[in-house]
Amino acid sequence: MARYLVVAHRTAKSPELARKLAELRGQDPGARFVLLVPAVPPAGWVYEEGEIQRLAKEEAEAAKAALEAQGIAMEEAKPGDVSPILALEEELMAHPGAYQAIVLATLPPGLSRWLRLDVHSRAERFGLPVIHVVAH
C-alpha cells in the first residue's frame, strides 16, 4: 500500500495524470495519493505571497475534484512553495518516510518551464522513485 506524492500545477487536471494514477492504483489497489500544487504565479504578475498561496490552494482543490471526477480518489490536496523543488523538499521534510514515490506531471518539452529547470531530474535527489508524466 504505497503513498504517492503527486506534484503538478497546470497539468494537475490532465487525463494523462489521471490515467497514470489509475494505472498505479491498478498495480496497488491500496495506493494513496496526495496532490501538491506549487504556488506558481502567472507570468508577469506582481503578487503578494498570501495571494499566490490562496490561488494555489484553490487550484489544488479544483484539481482534486477533477481527478476524483475521473475516478481517482485523492487523500489530500495542498498548495506548496513557488519553487516545485522547494515545495517537494518542504513536504518530504514535514512527513519523513510518508511517501514511497513522487509522481511529477509536466507539460511537454518546449512548453514546460519545469523541464527547462530540470525539476524531474533534481527531484531524484530526495531518494524516491520519480514517475514523470507528460500531459498534453
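**Exercise 1. Charged pairs around Lys-78**

The side chains of Lys-78 and Glu-76 meet in a salt bridge, at 3.7 Å from N to O. A salt bridge here is a side-chain nitrogen of Lys or Arg within 4 Å of a carboxyl oxygen of Asp or Glu. The model is predicted: local features need pLDDT of at least 70, side-chain atom pairs count only at pLDDT 80 or more, and totals for chains, interfaces and linings use all residues. Residues are numbered from 1 along each chain as its sequence is written, and side-chain values use heavy atoms, with hydrogens and water left out.

Task: Find with which other residue Lys-78 forms a salt bridge, and say where the two partners lie.

Solution. 
- Step 1. Side chains of opposite charge can pair when their charged atoms come close.
- Step 2. Look for the partner. Lys-78 forms a salt bridge with Glu-91, and their closest N and O atoms are 2.9 Å apart.
- Step 3. Lys-78 sits in strand β3 and Glu-91 in helix α3 (residues 84–94), so the pair links distant parts of the chain, 13 residues apart. Helices (H or I, at least four residues) and strands (E, at least two) are DSSP runs, numbered from the N terminus.
- Step 4. Buried means under 20% relative accessible area, exposed over 50%, and partly exposed in between (1.4 Å probe, protein chains only). Lys-78 counts as buried because its relative accessibility is 14%. Glu-91 is buried too, at 6%. Glu-76 is partly exposed, at 31%.

**Exercise 2. Helix α1 and the cores**

Solution. 
- Step 1. Define the core. A nonpolar core is a set of buried Ala, Val, Leu, Ile, Met, Phe, Trp, Tyr and Cys residues joined through side-chain atoms within 4.5 Å.
- Step 2. Size it up. The largest one has 23 residues. Those with the most contacts inside it include Tyr-4, Leu-17, Leu-21 and Leu-35.
- Step 3. List the contributors. β1 (3–7), α1, β2 (32–38), α2 (49–69) and β4 (101–106) give two or more residues each.
- Step 4. α1 gives the most, with four residues.
- Step 5. Inspect α1. Helix α1 (residues 15–27) has 13 residues. From first C-alpha to last, α1 reaches 18 Å, close to the 18 Å expected at 1.5 Å a residue. The expected span is 1.5 Å times one less than the number of residues. Among its buried residues are Leu-17, Leu-21 and Leu-24.
- Step 6. A second, separate core of 16 residues includes Leu-36, Ile-85, Leu-88 and Val-119.

**Exercise 3. The surroundings of Pro-79**

Task: Is Pro-79 buried or partly exposed, and which residues does it touch?

Solution. 
- Step 1. Locate the residue. Pro-79 is in strand β3 (residues 76–80).
- Step 2. Pro-79 is partly exposed, because its relative accessible area is 23%.
- Step 3. Collect contacts (heavy atoms within 4.5 Å). Leaving out residues up to four places away in sequence, Pro-79 touches Leu-36, Val-37, Gln-53, Ala-56, Lys-57 and Ala-60.

**Exercise 4. The whole chain**

Task: What pattern do the helices and strands follow, and what is the radius of gyration of the chain?

Solution. 
- Step 1. Count elements. There are five helices and five strands.
- Step 2. Read along the sequence. The pattern is β-α-β-α-β-α-β-α-α-β.
- Step 3. Test the size. With 136 residues, a compact globule would have a radius of gyration near 14 Å; the chain has 14 Å, so the two agree. The radius is taken over C-alpha atoms, and the globule rule is 2.2 Å times the number of residues to the power 0.38.
- Step 4. Check burial. Of the 136 residues, 46% count as buried.
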